[in-house]
Amino acid sequence: MKGALLLVGTMLLPLAASAAGGLPAVTVTTEPGGGQTYSLTLQVLILMTVLSLLPAILLMMTAFTRIVIVLAILRQAIGAGQTPPNQVLVGLALFLTLFVMAPVVEKINTEAAQPYLAGTIETTVALERAIVPIKSFMLEQTRESDIATFVRISGGKGFAKPADVPLSILVPAFVTSELKTAFQIGFLLFIPFVVIDLVVASVLMSMGMMMLSPVLISLPFKIMLFVLIDGWALVMGTLAQSFFR
C-alpha cells in the first residue's frame, strides 16, 4: 500500500505542495463579540478529497487493473487454492505497477512538480502538465473502438485528436480496454493448465480410477511445469512488456 501511495502521491504532488505552501491549514476569525471561529482552507479540503480518491485513481488510471486480474487468473489456472495469498498478489501487482508507471511519474515530476516547487509555474498550469503524461499513457493502452463506444454513448461527435478526449470518456474506455486485455492474457495462460488437466483425467479414466480426483494428481504436475519454465519470471516480464509497445 505504501508503494501505491507513493505512486499516486507523486502524480498529485503539485496539489499537495499547493496545500502545504499556500494558505494556512486552519484560519482563525475573530468575531465582533470577542469569540473566535476556526475553519479549514479550501486547498486543504481539496487535498483531503483527493486523498480519499487514491484507491479509485490507482485502479482506474494505472496499470494495476490488468496486472492484478492476470495474476488472479493465473492462480485459478494453477488450481492451488489461495496460494499465493491475496496479499502477495496485490503486493506483486503494486510493485509491478510502480515499475510500469515509473516513466510517467518521472515526466510528472520533471514537467510539473519541480517547476511548481521552484515557483516558475502556477498551480493550474502544474495540474494541467501533470495530467498530460497520465492521459498519454492511458491513450496508448486504450483501443479506439472503446473510446468510440463511450463517445457514442455520451452523444458526442468525436474529437480532432486523441489528446482532446476528456478524462470523463477516457477513464471508462481505458478500464474497458484493460479488462479485455487482461482476460486475453488470462485465456492464453489457462490453456496449458487445461491441457494438463485433460491428459491426467484421460489417463485416470483409462486406468479405471474413477474415484480418484484428477485435480489431486494434476496439481503437482502443473506446479512442476510452471517452476521448470520459470513461469513467474515469464508472466511478470510479459505483463510489463505488454505496456511498452
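Which residue just after α9 takes a positive phi, and of about how many degrees?

Author: Happy to! Please keep in mind that this is a predicted model. The residue you are after is Gly208, which comes just after α9 and has a positive phi of about 80 degrees.

Helix α9 covers residues 167-206. Its 40 residues reach 57 Å from the first C-alpha to the last, close to the 58 Å expected at 1.5 Å a residue. Even so, α9 has a bend of about 30 degrees at Ile191, with a proline, Pro192, following within four residues.

Helix α9 also has a packing partner in α7, residues 123-141. The two helices pack at an angle of about 40 degrees, and their axes are 9 Å apart. Angles under 35 degrees would count as roughly parallel, and α7 and α9 are therefore oblique to each other. Their crossing is left-handed. On the α7 side the contact involves Ile131, Lys135, Phe137, Met138, Leu139 and Gln141. These meet Leu167, Leu170, Val171, Phe174, Ser177 and Glu178 in α9. Sorted by class, the residues of this contact are 8 nonpolar, 2 polar and 2 charged.

After α6 comes Gly119, whose phi is positive, near 80 degrees.

Helix α6 packs with α11, residues 231-241, at an angle of about 40 degrees, with the axes 10 Å apart. That makes α6 and α11 oblique to each other as well, and the crossing of this pair is right-handed. Leu92, Leu96, Phe99 and Val100 in α6 meet Met236, Leu239 and Ala240 in α11. This contact has 7 nonpolar residues, no polar and no charged ones.

Helix α5 (residues 64-78) packs with helix α10 (residues 214-228) at an angle of about 135 degrees, their axes 9 Å apart. Only angles over 145 degrees count as roughly antiparallel, so α5 and α10 are oblique to each other. Here Leu74, Ala77 and Ile78 in α5 meet Leu219, Lys222, Ile223 and Phe226 in α10. By class, that gives 6 nonpolar residues, no polar and 1 charged.

Definitions and conventions
Residues are numbered from 1 along each chain as its sequence is written. This is a predicted model: local features need pLDDT of at least 70, side-chain atom pairs count only at pLDDT 80 or more; totals for chains, interfaces and linings use all residues. Side-chain values use heavy atoms; hydrogens and water are left out. Axes are lines fitted to C-alpha atoms, for helices over the stretch in contact, and angles run from 0 to 180 degrees between N-to-C directions. Angles under 35 degrees count as roughly parallel, over 145 as roughly antiparallel, 65 to 115 as roughly perpendicular and the rest as oblique. A crossing is left-handed if the near helix is turned anticlockwise from the far one by less than a right angle, and right-handed if clockwise. Contact means heavy atoms within 4.5 Å. Ala, Val, Leu, Ile, Met, Phe, Trp, Tyr, Cys and Pro count as nonpolar, Asp, Glu, Lys and Arg as charged, and the others, Gly among them, as polar. The expected span of a helix is 1.5 Å times one less than its number of residues. The bend at a residue is the angle between axes fitted to the seven residues ending there and the seven starting there.
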